[in-house]
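The stops below go from one selection to the next.

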Protein chains: 4
Amino acid sequence: MPITPEQRDEIDRLRAVTATTRRATVPALEEILYQPLEVLDHGFVRVIDYMGDDAAVVQAARVSYGKGTKKVSEDAGLIKYLMRHRHSTPFEMCEIKFHVKLPIFVARQWIRHRTANVNEYSARYSILDREFYVPAPEQLGAQAVVNRQGRGDVLEGEEAAAVMRLLREDSERAYDHYEEMLNQREDGTVIDPSRQGLARELARMNLPLNYYTQWYWKVDLHNLLHFLSLRADAHAQYEIRVYADAMLDVVKRWVPAVYESFTEYRMGGAHLSRAGLDVVKRLLAGEPVTQEESGLSKREWRELMQQLGRSEG
Amino acid sequence: MPITPEQRDEIDRLRAVTATTRRATVPALEEILYQPLEVLDHGFVRVIDYMGDDAAVVQAARVSYGKGTKKVSEDAGLIKYLMRHRHSTPFEMCEIKFHVKLPIFVARQWIRHRTANVNEYSARYSILDREFYVPAPEQLGAQAVVNRQGRGDVLEGEEAAAVMRLLREDSERAYDHYEEMLNQREDGTVIDPSRQGLARELARMNLPLNYYTQWYWKVDLHNLLHFLSLRADAHAQYEIRVYADAMLDVVKRWVPAVYESFTEYRMGGAHLSRAGLDVVKRLLAGEPVTQEESGLSKREWRELMQQLGRSEG
Amino acid sequence: MPITPEQRDEIDRLRAVTATTRRATVPALEEILYQPLEVLDHGFVRVIDYMGDDAAVVQAARVSYGKGTKKVSEDAGLIKYLMRHRHSTPFEMCEIKFHVKLPIFVARQWIRHRTANVNEYSARYSILDREFYVPAPEQLGAQAVVNRQGRGDVLEGEEAAAVMRLLREDSERAYDHYEEMLNQREDGTVIDPSRQGLARELARMNLPLNYYTQWYWKVDLHNLLHFLSLRADAHAQYEIRVYADAMLDVVKRWVPAVYESFTEYRMGGAHLSRAGLDVVKRLLAGEPVTQEESGLSKREWRELMQQLGRSEG
Amino acid sequence: MPITPEQRDEIDRLRAVTATTRRATVPALEEILYQPLEVLDHGFVRVIDYMGDDAAVVQAARVSYGKGTKKVSEDAGLIKYLMRHRHSTPFEMCEIKFHVKLPIFVARQWIRHRTANVNEYSARYSILDREFYVPAPEQLGAQAVVNRQGRGDVLEGEEAAAVMRLLREDSERAYDHYEEMLNQREDGTVIDPSRQGLARELARMNLPLNYYTQWYWKVDLHNLLHFLSLRADAHAQYEIRVYADAMLDVVKRWVPAVYESFTEYRMGGAHLSRAGLDVVKRLLAGEPVTQEESGLSKREWRELMQQLGRSEG
């Protein structure tokens, strides 16, 4: 359970309050506003606020005085045009703010995307909760051999059990020692009044990277889509991909026309290299082409054939 | 008059539509939403959208599940603390979007602030309006002598009249020729059907820098305040300062507690150098100090004495 | 001639000085260091400084203690891999600094790329030179009809002559009046001692957008390549494309392996949409496909057929 | 010892190679190029490359064809002027690249500064070394009471000994289990050939935040100074401050005039709030002022009195 009953109450109180606004408003997104969308064993993504909608992209592209255009179909057409031609600035005119709870090693990948605003929970100032990530058994991938930065088959039997046990035990023990060094329990009680307790900014260094942290993360739609194109991708590590997937669903609710054009022109398409495009042209002309004389490496050839839905050319 | 009756109607239609939202909402800002706040002879600033309020700064600083804190006074106290200690990230959690109409030479200064999203009206794609800036007589400053990048006394008599005449005539003529090269009037009528008309992306180069352009400009509160601290300052050129002043009023409506702490700790204060601080300490200790042995240049000494409200020390 | 004899001398003096360094050094780039590469009628691009080379990309990718790898071929292979998989951070580890002289309307397009450092010549502080851009006759494109932001056929005869005349005359007159308002000639002589002269920050607003400005522009290699992919493209306006072309030549000298992979995977390839990829698959499978049932618009269909080198499918 | 003999050799080989360049070169920085400057128990900062020097700031500020100015004293004067008036863009024209080895919890603070280029060692791709940070005994601060995010007195006796023991033991055990999960020793030997070994991207999550990571970090001088003004400050955590201090020494070698003006106008000065400035004015006028009627909180009053070198006003 990623949130406590007290947090649930706070969220419900916030959701109960409504106001009248002249701003662009998206009912489908209002529906889930502030609600935690669960990710991994203790994580979540919550939409805290948003600015703009599909029409706001059009409105900005036209630098208009009123709304974008009159008709939804015209808006969708322009959005497709903008997406196809990489006119990114109109998409920057929408903004969204998330509250995310995530393991520290995921946070470390995430933060490399610099064009966003971040405010993280401070372990210098506050004490972290006893919450850590342990992969579900079906996620315990072995080291991949071909792709040095991926996972292969799922571990099984005793090896899997041992990994789970080590992760759990080390995480629990690290937190026990964290409390001991702080001289304070998670609930605030002092352990030994004769001791001072180590500074929080030091004690935290004993916690492993699977501990959960939290942050507010605010980003414009263009940069969010860029993030999603990299992190909702098959090459991304599973533990960040599930966050990206949850956010992709949010995008679909928020700006359906942008979502549509994004999946059409970015996620669903393919980028061909100069040599790859040449191979396609020759194939279409009925020429036989082999990897050896294609100008592509074996790996590139394999990837191209996969993209084209061919067995091995 | 910065907007046409048609534009006025579009704005009124947009203002008439309201919706219900769970988001943080600021009634004082809703009041002026979409309204053009007039600046210079044909320019304006309009708030198109906003995200967050004073409480959102606190909410982000605490990485909270609900609102920031219960009490307004606690929020204000934390905001002061954040401002004083340069904790900038919580202020980045509020965002605002403006539609601005401004002379091109002002746009060129403005755009140097890179941490914002901009979508400008395209003179490659569309034809610009016949609208240009001419300074009011009391703004016709002569070149300053001491400060090489500022204005001195106001020009008077025939010299002032000549400047006004030249600016107006050259601006009008440039637009006449712009139309002639385009082979098209402002209202779209073709001038000479036997001619083709120069491409818009080329014809525009004949227009002078006092012509008006427009853009959507979106920025987070932290970067907006940084912009205002530089541009609502006495060293800024008058023509950009009036835009900054209009936006400062917007900030006051939007996030009054942030505005309060901003004027207290940034705009209203003073930064002393190491040597300047040393002078203050010695003066407070009752020592006589002269510029010569202060370690300050004459100019720095003069500025320090002004800041301290002293004639000449 | 884009530079004066005095400027030529300054450059020669700078070029004559050499030093010994332990830094990565690129002889082919040193050859042209500080030299103006002429662009348009009065513009240029000069390389002022650079950091890194091909090996520095590899060195950063490996977070290595020494150089990247031992062999040039291995480096090139890794660079290709990084480019193909959009690993952008190693390319950010090279940096280059240019001095550019360019028409103001070009500068206004250029500056939209925000991830660079810019220091522009200040017309608040200094007086601009009497230098403006007039297109060569073969660049006087008419407004394109299909593509609203491009050029069509070249203007001819009297229409072309009239455009040239208007541009020249208005530019000359604007500068005459600029001097008159400043009460000062380009060479510094005062025109009428009984007048004060308008402030520079105001007088400049009379100059049209084809006047030249200058700036120092510093950017990392990743962001430079992104800039070039947009601005060395056929959709870019000619007047900025020629700058991009000049800089592309610089990249070729500086980091030849990066240049190679950039032209292979970015400039020379093609991005297919989901529907476009589907068309290719069906064609390869020997199915007949028409635009109508392809899911592509007429324009997208036309573009796809062009990319595939087919007449009309 | 932060580096191995093999790494020492790689560095020495790199240092032995010199080249001739026309670029701005700084002998005092060349002296330490590539050398690890030791920080904490296993960390370091190494300068890998740099662009520009003091004169390059001036050159950019003047948008000059040659060098900045002729005289060093004029350069220093202009640099002071730029620093005092917050003209930041000329300082952005110098760039520096570091290789840094640092504990993960320090890396997490550091990375919040977004205006830099970073390439970190990948624990998805490679296996981390058995190297972790344990504070020196004199750094084992107790939790501060007044300042919730700082350290108070140093722990002593048995409490200190216990902390050291826990940190060491947990770090060692975490690495033992990391190897066990990977089914591989630090030196690459397989532990049990019948097992597959967990993926690196998963196994790393067992390591605590005091483990060392490494990255290449490249930043312009303006943003470096901003980083240093926050992180070489007394409010920064000791473990990041020592890195900032090492880099401040590098700045002194690299751009001595910039360093001088930075310490004069940024590090060594004081920022007074509006109310604080008012107190100073009244004190200088000989008025008695008390905290109660000063408009300052107790804490602000105390800080102001400290800045002014007064006991308690």
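Start by selecting strand E3 (residues 43-51) of chain C: 9 of its 9 residues are buried, so the rest of the structure largely encloses this strand. Buried here means under 20% relative accessible area, exposed means over 50%, and partly exposed lies in between, with a 1.4 Å probe and protein chains only. Helices (H or I, at least four residues) and strands (E, at least two) are DSSP runs, numbered from the N terminus.

Before moving on, note how to read the model. It is a predicted one, in which local features need pLDDT of at least 70 and side-chain atom pairs count only at pLDDT 80 or more, while totals for chains, interfaces and linings use all residues. Residues are numbered from 1 along each chain as its sequence is written, chains are lettered from A and ligands numbered from 1 in the order in which they are written, and side-chain values use heavy atoms, without hydrogens and water.

Strand E2 (residues 37-39) of chain C pairs with E3(C) in the antiparallel sense over 3 bridges; two strands pair if DSSP finds at least two bridges between them. Here C:Val39 has C:Gly43 as its bridge partner. The hairpin of these two strands has 3 residues between them, and C:Leu40 takes a positive phi near 55 degrees. Strand E4 (residues 95-103) of chain C also pairs with E3(C) in the antiparallel sense, over 7 bridges, and C:Phe98 in E4(C) is the bridge partner of C:Val47.

Next, go to chain A and select helix H8 (residues 221-231), which is mostly covered, with 8 of 11 residues buried. Among the buried ones are A:Leu224, A:Phe227, A:Leu228 and A:Arg231. The elements of chain A that cover the buried residues include helix H4 (72-84), strand E8 (212-220) and helix H10 (256-267).

Zoom in on A:Glu120, in strand E5 (residues 117-120) of chain A. Is A:Glu120 buried or exposed? A:Glu120 is buried, with a relative accessible area of 13%. Beyond neighbours within four places in sequence, its contacts (heavy atoms within 4.5 Å) include A:Trp215, B:Val63, D:Arg108 and D:Arg112. Its side chain also makes a polar contact with the side chain of A:Thr213 (2.7 Å). A polar contact is a pair of N or O atoms within 3.5 Å; within protein, one must be able to donate a hydrogen and the other to accept it, and residues adjacent in sequence count only if both atoms are side-chain atoms.

Step on to A:Tyr121, in the loop between E5 and strand E6 (141-143) of chain A. This residue is partly exposed, with a relative accessible area of 23%. A polar atom of the A:Tyr121 side chain lies 3.2 Å from the backbone oxygen of A:Ile127.

Finally, show chains B and D. A rotation of 180 degrees with 0.0 Å of shift along its axis superposes chain B on chain D (RMSD 0.0 Å), using least squares on the C-alpha atoms of residues with pLDDT of at least 70 in both. The two copies are thus related as by a two-fold rotation axis. In chain B, the C-alpha of B:His271 is the nearest to the axis, 2.2 Å from it.
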